[in-house]
Amino acid sequence: MSGDLVFYGFALLTVLSGFFVVASRNVVHAAFSLLFTLFGVAGLYAQLGADFLAVTQTVVYIGGILVLVIFAVMMTRIPRGDAPRRGLDRAVPAAILALLVFALIYMVIVGTRWPERAAGAPEATVAEIGTGLMTTFVFPFEYASLVLLAAMVGAAILIRERAPADDAADADDAAGEGEVRS
Amino acid sequence: MQVMTDLFARIFGDGLSSLGLLVAGGLTMALIMALVMASCAIVFTWAERKVAGFIQSRYGPMRVGRWHGVLQPVADMVKILGKEDIVPRDADKPLFMLAPFVIFVGSLMAWAAIPFAPGFIAADLDLGLFYIFAVSSAATIGILMAGWASNNKWSLYGAARGAAQAVSYEIPLALACIPVVMITGSLNMNDIVIAQQGGIWRWHFLHDPFLFVAFLLYFVASIAEVNRGPFDLPETESELVAGYHTEYTGMRFAFFFLAEYANLFLVSCVATAVFLGGWQPLFGPVFLPGLVFVIKAVLLVLLQMWLRWTLPRLRVDQLMHVCWKVMVPLALVCVLGAGIWMLATGQAG
Amino acid sequence: MSQKLVDRLRAEFGERILETGSQHGDESVVVAPADLPDVAAHLKGREACELLLDVVGVDRSELPGHRDDPERFEVVYNLRSLSRNHRLLVKVRAPEGRDVPSLAGLYRSADWAEREVYDLYGVRFRGHPDLRRILCHHEFEGHALRKDYPIERGQFLSAPEKLIQDHEIERAAHRADDSRGAVLPSDLLTVNIGPSHPATHGALRAEVLLDGETIVEARTEIGYLHRCFEKEAEDHTWAQVMPYTDRLNYVSAMLNNCVYCAAVEKLLDAEIPPRARVVRVIVSELSRIIDHLVCVCANLVDLGALTNYWYFYNVREGLYYDVIEPLCGSRLTTNFTRIGGLGYDVFEGFETAIERNLVKLETAIGEVTGLVARNRIFLDRTVGVGAMTPEQALDWGFTGPCLRATGLAYDVRKHAPYDGYETYDFDVPVGTAGDTRDRIMVRIEEMRQSARIIRQALGRGLPAGPILADDPRFALPPKEKVYGSIEGVMNQFKLIMEGARVPAGEAYGFGEGGNGELGFYCVSDGGGRPYRVKVRPPCFPIFSAFGEMVKGLMIPDAVAILGSINIIAGELDR
């Protein structure tokens, strides 16, 4: 019962701040309210016993991606304050699209046979995940890291092109700096 | 938290459901942690001023509280409470007001996983170490928030520096801890401390040469992570006026200040638990574990203060250079080296 | 030596040299404005006059003998050759409204100096790249140092000046994009460093255009502390100007006192008693030590090495409390010297107090160099930062430690000794790279040399005798005479009410200040008040180079450089 309470707390936080992200006319406010959305989702993961996922969510999404999003939003030339109101010409197609997506998700949720799990103290998952990544899923895991490495090298090359004379700037360094500058 | 939950269970008997116990225990522990955090910040502001005075051939605070100005932080607190709360006209008001709390909460949450003594841990998480790094990364958002909302170019520069620095130094910080995780086979802070039982030679920083280097890396990166000298670039008073908190006054400023000192102690606590044996004494059986833990952490804090008052400050590009070209590769070497060492000495399972 | 130079100039230019003059050892030539560029180019190219120290404007409309002279303004170019050790004043005269050709293309130091003349006298310089006001506000009306500008007339002006215009930002952004073949357009940002900023140590302003943290363009604005020293000086007696000189470089006030006195004594052809000479040397060197202590410790604070501040400041405070304050009654506003000698004699225990503090100084120098000299972070922050070649430094008009850091051993105390500096044994420390580290290290070594000079002076024992020349023309009579004789009373009355009557003429008195050559160009009309006093503050030309020095560097570098060139707003803005 009280577990439900915690769940509703996190769910409310997620939904409300998610709504704010979409509805806010100030793009910086929207970016910052993502913090609460992501945090709420992490809370929901923790509720589900996926503690590793919850913490990873925090590290990757809040500590990494959100920082980059905010950087990008802050450093681009956007008008300070609220964006002007727009007419319904965009709202109507957007609403239709959103409804379609919702319908799809709803169908998936209803149509899936969810595995039942006995309620109780959540088990530690990290060891399991670690073993899994190093045995069963070692190929996808390594493949993913290879893809990421390629992406990093690509990003570094892009930045290099922008500053050919600046050979002191390390690739990653320049990536961080580039965010500040652009 | 176990301690508290047990305590409540004993007091109320069956009157509380298990979750009620959990919530009550959690709240109490959170309160204790907040108090610990606030009071350690208060103590450290005084300590910092005395340490600085000692290094700089002067006295530091001497008046309030008769003996060496011990009550100076209290007086400062009273003063800061009485300060006008100024929000600049063109600031982004909601974000401006929220930012100090985001930073403070991020710091407070990390405290939950610090094992001060056997059983005395707010949240004995299996992912303790990982969790600490995760939630303390939220402070970066707070810094960005403060810098943006102030609508001041110096603040923005401070925020950009702070975020870039925090994001970068998190990597060597976490990498330096990985060898320890490899050795103990756990991310649980309690397990990590227990693994170091049996005197100073069992402490992780003396486990093998790679771990010693890892400890040094962790120490340096942790100074950068909490934005203190010689890595205090986000708030360099001679360059950026005061960095991201230039526009803050009164209590809001105090929150930044408290969070800085709380983080200072936090990273020292993590270093203590991970590398310096936590509550384990130098030798012999466990004795006054909480005190031992705090003494070790405070010594690390004092070391950080010493460095701050000794070294000049790096330039922003040099800071990044040190992180990415020196510390990250070195940390990776440590991870690899520690692994090989474990294989060679037959510790690998 | 300089006389020969004038002869050679006559041989070279013949009739184009309109007049030559020699007053109090200062050689001067007068040329027509049209001939100025030729003469200056010849002097720079053939006669090795590498250094344009200053440009002085004089409004001659009330100067006896020139009242009806149509050529109302005189512009004096103060040239110096370091390699051949000669100096020359080149004068041009211009009527109201007539242009004078600018030397800014020949000497970069002429840029700001000519702007100052334009600002204060309204003399326009043809071909000057950027002829704007410099000391006065950009909306100021009239020219403050003209004799017909009433000293009471204040103007209330507050609108800030935008130093970098929007279209320039746009253009710089395009340049940046082109140079790196950018994918995304650059967005540059202007930031004001100052007038109220922790790193400016006074009211200076630099508007910088930033690409990330890199400075693309920097423009400086000064004048926030302009308080009309030179106009005030014309309204006071020669002796009354003394306290104002304290406020020029308030860090080493006694040096200003000494050099100002030297300039007036030069006009008076006065000889000062030997005891006063030695004490002047001692207090000058003490002031130099204090100047360097403050500069280096503040510079290190800018670099984040805060602790050094106390190590040096404690010594400075010791010198103030133990020596300077007992000597003259105050710490910063010393007002110590008098025309013809000193205001006060040394106190008992003077020698031991100094010696005690010199020992402390040496300890402090040891501690600070121990902390920074081989510190990797310090070296990374300072080596190669703001480096100047000797040629550049001379071009900008650098003197003092900033010039010596580039490797040129030029020191007024060696090249044109005064107050008996030729009898002391000391070295002139030089750097090699002219960067921030060298500037700091040269200053630190100079403190050691100053201590050496002071010890020599004290070791010989202070000469006995009076501290003030016994000359009724300028020196106040002793109190016994004032109270005991009618001549004394009259003498005192005349000197106080009318001021010392300084013979008409002009003289440039100069000495080695804390931050370079400090000079006072004084013109007298024979009355009790200066007709014109022009200060040559060492940091004025140095700061003019700041904008160029920081281009392409980062904000932290700019802060480090600004600290190392030791800008004292009091003498910069006067």
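Tutor: A crossing is left-handed if the near helix is turned anticlockwise from the far one by less than a right angle, and right-handed if clockwise. Helices (H or I, at least four residues) and strands (E, at least two) are DSSP runs, numbered from the N terminus. In that sense, α4(B) passes α6(B) in a left-handed crossing. The model is predicted: local features need pLDDT of at least 70, side-chain atom pairs count only at pLDDT 80 or more, and totals for chains, interfaces and linings use all residues. Residues are numbered from 1 along each chain as its sequence is written, and chains are lettered from A and ligands numbered from 1 in the order in which they are written.

Student: Why are α4(B) and α6(B) called roughly antiparallel?

Tutor: Helix α4 (residues 93-111) of chain B and helix α6 (residues 138-149) of chain B pack at about 160°, with axes 8 Å apart. Axes are lines fitted to C-alpha atoms, for helices over the stretch in contact, and angles run from 0 to 180 degrees between N-to-C directions. Angles under 35 degrees count as roughly parallel, over 145 as roughly antiparallel, 65 to 115 as roughly perpendicular and the rest as oblique. The pair is therefore roughly antiparallel.

Student: What makes residues of α4(B) and α6(B) count as meeting?

Tutor: Two residues are in contact if their C-beta atoms, placed from the backbone, lie within 7 Å. Those in α4(B) include B:Leu95 and B:Phe96, and those in α6(B) include B:Ala138 and B:Trp148.

Student: How many residues of chain B are in contact with chain C?

Tutor: On the chain B side there are 22, and they touch 27 residues of chain C. Helix α12 (residues 316-344) of chain B gives the largest share of the chain B side, 3 residues.
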